[in-house]
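Student: Could we go through this structure together? I would like to ask about individual residues and then about pockets and cores.
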Amino acid sequence: MVPPKGVLFDRKNFLAEVGPGRTITHCRKKETVYLQGDPCHAIFYVQKGKVKLTVVSRQGKVATVAILAAGDFFGEGCLAGQTMRMETATAITESFILRIEKRAMIRVLQEQHSFSELFVAYLLSRNIRYQEDLVDQLFNSSEKRLARILMLLTHFGKQGKSEAVVPKISQETLAQMVGTTRERVSFFMNRFRKLGLIDYNGQLRVHSSLINVVLHD
């Protein structure tokens, strides 16, 4: 429950616990959170796990537009009047996801400034990421785009979040994110491995030297 004005609001508890307008769902790997075209009445928050957002064109072409992790929001289009989901959300690992009804989210944004500041900062940060993704698609090669995505999946450059191990993700999904074929992704991944930029040993490990592929002209 959102506390009355004047009562200390704990945004961590708000995003961690069930309450009026808030439920937590345990999603299995590959379980669908919602489908493209579903009614849009709530916003979601990843408590644990990873979720991918995909879009299918009228011609049946699939594009992966985002890979989300703990601390990420998604489905916020309902707050701007969106009535149908524009993408499909699917858990790619076992995940715990908080569902916040539109009314509950609007109320906390209006009444709790610390939370609204957090949410706005998140949206601005993600908007910058989407702009960078667009520039990447327009001007960079498939190889550069793949290298950048691998670096992003390890949270490279984010203080306290950098990881060497990439979450389990199929080459097909990587191809959808890059905008190329699975065969090209496989070719580039083998090239990165031979150059010592990544390692396969049960898990995919990315070395920081992979950034040179992204920066190389």
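Predicted model: local features only at pLDDT ≥ 70, side-chain atom pairs only at ≥ 80, totals over all residues.

Student: Where is Thr 173 found?
Tutor: Thr 173 belongs to helix H5, which covers residues 171-178.

Student: Is Thr 173 buried or exposed?
Tutor: Thr 173 has a relative accessible area of 7%, so the residue counts as buried. Its side chain also has a polar contact of 3.0 Å with the side chain of Ser 170.

Student: And Glu 172, where is that one found?
Tutor: Glu 172 is likewise a residue of helix H5.

Student: How far apart are Glu 172 and Thr 64?
Tutor: In sequence, Glu 172 and Thr 64 are 108 residues apart; in space, the C-alpha to C-alpha distance is 9.7 Å.

Student: How do the lining residues divide into nonpolar, polar and charged?
Tutor: The lining of the second largest pocket has 11 nonpolar, 8 polar and 9 charged residues.

Student: Now the nonpolar cores. Which residues touch the most other members in the largest one?
Tutor: Phe 73 and Phe 74 do, in a core of 26 residues. Strand E3 (residues 42-48) supplies the largest share of this core, 4 residues.

Student: What is Phe 74 in contact with, leaving aside its neighbours within four places in sequence?
Tutor: The contacts of Phe 74 beyond those neighbours include Val 33, Tyr 34, Ile 43, Phe 44, Leu 68, Ala 89 and Arg 126.

Student: What other core lies apart from the largest one?
Tutor: There is another core of 24 residues, and its members include Ile 67, Ile 169, Ala 175 and Val 178. Ile 67 was also named above as a contact of Thr 173.

Student: A change of topic: what is the phi of Lys 30?
Tutor: Lys 30 has a positive phi of about 75°, although it is not a glycine. For context, most residues other than glycine have a negative phi.

Student: Where is the place of Lys 30, and is the residue buried or exposed?
Tutor: Lys 30 sits in the loop between strand E1 (22-27) and strand E2 (32-34). Its relative accessible area is 66%, so Lys 30 is exposed.

Student: Which residues is Ala 91 in contact with, neighbours within four places in sequence aside?
Tutor: Among them are Lys 30, Cys 27, Glu 31, Val 33 and Val 51. Ala 91 is found in strand E7 (residues 88-91), and this residue is buried because its relative accessible area is 1%.

Student: Last one: where is Leu 197 found?
Tutor: Leu 197 lies in the loop between helix H6 (182-194) and strand E10 (198-200). Leu 197 is buried, with a relative accessible area of 10%.

Student: What does Leu 197 touch, not counting residues up to four places away in sequence?
Tutor: Leu 197 touches Phe 192, Arg 205, Val 206, His 207, Ser 209, Leu 210 and Val 213. As for Tyr 122, it is 75 residues from Leu 197 in sequence and 31 Å away in space, C-alpha to C-alpha.

Technical notes: Residues numbered from 1 in each chain as written. Heavy atoms only, no water. Helix = DSSP H or I, 4+ residues; strand = E, 2+ residues; numbered from the N terminus. Buried < 20%, exposed > 50% of the residue type's maximum accessible area, 1.4 Å probe, protein only. Polar contact = N/O pair within 3.5 Å; in protein donor to acceptor, adjacent residues only side chain to side chain. Contact = heavy atoms within 4.5 Å. Nonpolar A, V, L, I, M, F, W, Y, C, P; charged D, E, K, R; others polar. Core = buried A, V, L, I, M, F, W, Y, C linked by side-chain atoms within 4.5 Å.
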